[in-house]
Amino acid sequence: MAADVGRIPFFYNTEGRLVQVDYAMQAVSRGSTTVGLKTKDFAVLASQVKPTRPLLEPAEKIYVVDDHVGATGSGYIGDVSTLVDDLRLAAQRHRLVYDNPIDMATLSRQLSEQLHALTMYAVRPLGASIILAGIDELGVQLLQVDPSGTAFRGAGFAIGQHADEALEAIGRGYRPDLTLDDALRLATETIESSNGGKGQIEFGVVQADTRRFERRPLENGG
Amino acid sequence: MTTTVGIRSKDGVVLAADKRASKGFFVGSKVVQKLFALDRATAVAIAGQMSDAEYLVNLAKAERRLLSLRRGYPLSVRESARLIANIVYSGMKAYNPFFVELVVAGVDRDGAHVYTSDMSGAVTSEDFMSSGSGSPIAYGVLEQGYRADIDLDGARRLAESAVRAAMERDPGSGNGVDILVLPNGHAPTGVN
C-alpha cells in the first residue's frame with residue numbers, strides 16, 4: 001500500500017518528498033542566473049538576460065512592483081510574470097485599503113501563500129523562484145521565495161543556473177559596508193563568472209535614502 | 001456644493017477649486033483639498049460626495065499604476081478620464097451610483113486636455129469647464145473671460161476669478177481657492 005501512495009505524483013513519495021515541488025525547483029535551476037544583494041543602505045537585483053537570436057528583443061527580467069519594491073525571478077518566464085502581476089495587484093490593493101505602501105512581509109507572505117497552495121492539490125506547482133527587493137518601515141529588505149512557498153530573508157541570494165557557484169562567489173565578495181558600485185560590480189562578476197560571460201545583465205536598485213526601486217534596463221530595449 | 005473649474009490653454013491646463021465642505025447648512029470643513037494629482041501631468045478636481053470622489057481617485061491611481069507597469073508607458077488624459085467614467089458608469093448601472101462630478105485634466109503627448117465625467121459616466125472634452133453648486137456663477141465669468149488663444153497665466157487668473165465669483169454668491173463654496181497648474185512638457189514617459 002505504501003508503495004502505491006508513492007506513485008501518485010502529487011502526494012509524498014516513500015522518502016517523504018513532494019516530487020512535483022522538487023521538479024519545480026529543478027525547473028528553476030535551469031533558468032537564467034539571477035542574484036540579489038543587500039546592505040542596510042540598498043538592495044541590488046541582477047539577472048542574466050540570455051543571449052537572444054538576432055531580430056529578437058531581449059526579455060524583461062527586472063520588474064517594478066511598486067514605487068518601493070522590485071522583483072526578479074528565474075524559471076519559467078510565464079510563471080514568473082504571472083507571479084509579478086499578482087505582486088503588483090497586491091501592492092495596489094494594499095494602497096487602496098490602508099493608504100500606505102505595502103510592507104515586505106505582507107507582500108512576500110502573499111507570494112508564499114500563492115505558491116504553497118499549488119503544492120497541496122493535483123496541479124502543477126509554478127516553476128519559478130522570485131527575489132524581492134524593497135524598503136519599508138523595517139529598512140531595506142531582500143527576500144527569496146521558492147516554488148514550495150518557502151520564503152528566505154537575507155543579504156545575498158542566487159537562483160537559476162549555476163546558483164550554487166554564484167552564491168559562493170557572492171559569499172566571498174560580500175561585506176556589509178559594500179558601496180552600491182561595489183555591489184553592482186560583484187553581481188556582474190558573479191553572473192559572468194558562473195556562466196562564462198554570456199549574454200547581458202539587467203539590474204534593479206532600491207536605496208534607503210530615495211526609498212524608490214529603479215529598474216536599469218538594457219540599452220538595446222528589453 | 002463646491003465650485004471647481006478646469007481650463008485648457010495652448011500651453012497647459014489649470015484646475016481651481018474652493019476649500020469648503022458642507023454638511024447641510026453647516027460648514028463641515030474650511031480646508032478641504034478638492035484637487036488631486038494622479039501623477040505629475042494628470043489631475044482631478046472633485047465635486048459631490050467627498051467619500052465617493054476620494055475613493056474613485058484612489059481606485060483610478062491604482063488602476064493607472066497597474067496598466068502603466070504592464071505596458072511600460074503612462075495613460076493619456078483621455079484614457080484616465082475614460083477609466084474613471086467606466087467605474088462611475090458601472091456604479092450607476094448597478095444602482096450604486098457615485099455621487100460625483102469630476103474634472104479630469106492634464107497634459108500628455110498630444111498637449112493639454114480637460115475632460116469632465118458626471119455621475120452617469122458620460123465623458124466630454126471641453127475648453128473650459130466648471131462643476132459643483134457654484135458652477136452657474138463660475139460659468140458666467142468663464143464665458144466672458146475665455147479666449148481660444150488664452151495662455152497658461154491668463155487661464156490661471158481666469159480660473160481663480162471664476163471660483164472667487166462663485167464663492168461670493170454660492171453658500172456651498174468658500175474659504176479660499178486652491179489652484180493647480182500643469183504646463184505642457186511635463187508628461188512622464190516611463191513608469192519609473
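Is Asp66(A) buried or exposed? In this predicted model, Asp66(A) counts as buried, with a relative accessibility of 0%.

**Salt bridges**

Over all chains, a search of the whole structure identifies 22 salt bridges. In one of them, the side chain of Asp66(A) meets that of Arg95(A), with an N to O distance of 2.8 Å. Asp66(A) belongs to strand β3 (residues 62–66) of chain A and Arg95(A) to helix α3 (residues 77–98) of chain A, so the pair ties together parts that are 29 residues apart in sequence. Whereas Asp66(A) is buried, Arg95(A) is partly exposed, at a relative accessible area of 26%.

A salt bridge in chain B joins the side chains of Arg64(B) and Asp39(B), with 2.2 Å from N to O. This pair also links distant parts of its chain: Arg64(B) is in helix α1 (residues 50–71) of chain B, Asp39(B) is in the loop between β5 (35–37) and β6 (42–48) of chain B, and the two are 25 residues apart. Here the arginine, Arg64(B), is buried, with a relative accessible area of 6%, while Asp39(B) is partly exposed at 21%.

A further salt bridge lies within one helix. The side chains of Arg156(B) and Glu160(B) meet at 3.6 Å, N to O. Both residues are in helix α4 (residues 152–169) of chain B; because they are 4 residues apart there, about one helical turn separates them. Arg156(B) is partly exposed, with a relative accessible area of 26%, and Glu160(B) is likewise partly exposed, at 22%. Through salt bridges that share partners, Asp153(B), Arg156(B), Arg157(B), Glu160(B) and Arg164(B) are joined into one network.

| Salt bridge | N to O distance |
|---|---|
| Arg95(A) and Asp66(A) | 2.8 Å |
| Arg64(B) and Asp39(B) | 2.2 Å |
| Arg156(B) and Glu160(B) | 3.6 Å |

**Helix packing in chain B**

Helix α4(B) also packs against another helix. Its axis and that of helix α3 (residues 135–145) of chain B come within 7 Å and cross at roughly 145 degrees. The crossing of α3(B) past α4(B) is right-handed. On the α3(B) side, the residues in contact are Ile137(B), Ala138(B), Val141(B), Leu142(B) and Gly145(B); they meet Leu158(B), Ser161(B), Ala162(B), Ala165(B), Ala166(B) and Arg169(B) of α4(B). Sorted by class, this contact comprises 8 nonpolar, 2 polar and 1 charged residues.

**The sheet of chain B and its helices**

Chain B contains an open sheet of 5 strands in the order β5-β6-β7-β8-β9, with antiparallel pairing. At its edges stand β5 and β9 (123–126) of chain B; each has a single partner strand, so one side of each is left without a neighbour in the sheet. From one strand to the next, the twist averages 25 degrees.

Within this sheet, β6(B) and strand β7 (residues 100–108) of chain B run antiparallel and are joined by 7 bridges. Thr42(B) stands opposite Gly106(B) of β7(B).

Two helices are placed against these strands. Helix α1(B) lies across β5, β6 and β7 of chain B and runs at about 160 degrees to β6(B). Helix α2 (residues 77–93) of chain B packs on the sheet, where it touches β6, β7, β8 (111–117) and β9 of chain B, and its direction makes about 160 degrees with that of β7(B). Helix α1(B) is also the element that holds Arg64(B), the partner of Asp39(B) in the loop between β5 and β6 of chain B.

Conventions: Residues are numbered from 1 along each chain as its sequence is written. Chains are lettered from A and ligands numbered from 1 in the order in which they are written. This is a predicted model: local features need pLDDT of at least 70, side-chain atom pairs count only at pLDDT 80 or more; totals for chains, interfaces and linings use all residues. Side-chain values use heavy atoms; hydrogens and water are left out. A salt bridge is a side-chain nitrogen of Lys or Arg within 4 Å of a carboxyl oxygen of Asp or Glu. Buried means under 20% relative accessible area, exposed over 50%, partly exposed in between (1.4 Å probe, protein chains only). Axes are lines fitted to C-alpha atoms, for helices over the stretch in contact, and angles run from 0 to 180 degrees between N-to-C directions. A crossing is left-handed if the near helix is turned anticlockwise from the far one by less than a right angle, and right-handed if clockwise. Contact means heavy atoms within 4.5 Å. Ala, Val, Leu, Ile, Met, Phe, Trp, Tyr, Cys and Pro count as nonpolar, Asp, Glu, Lys and Arg as charged, and the others, Gly among them, as polar. Two strands pair if DSSP finds at least two bridges between them.
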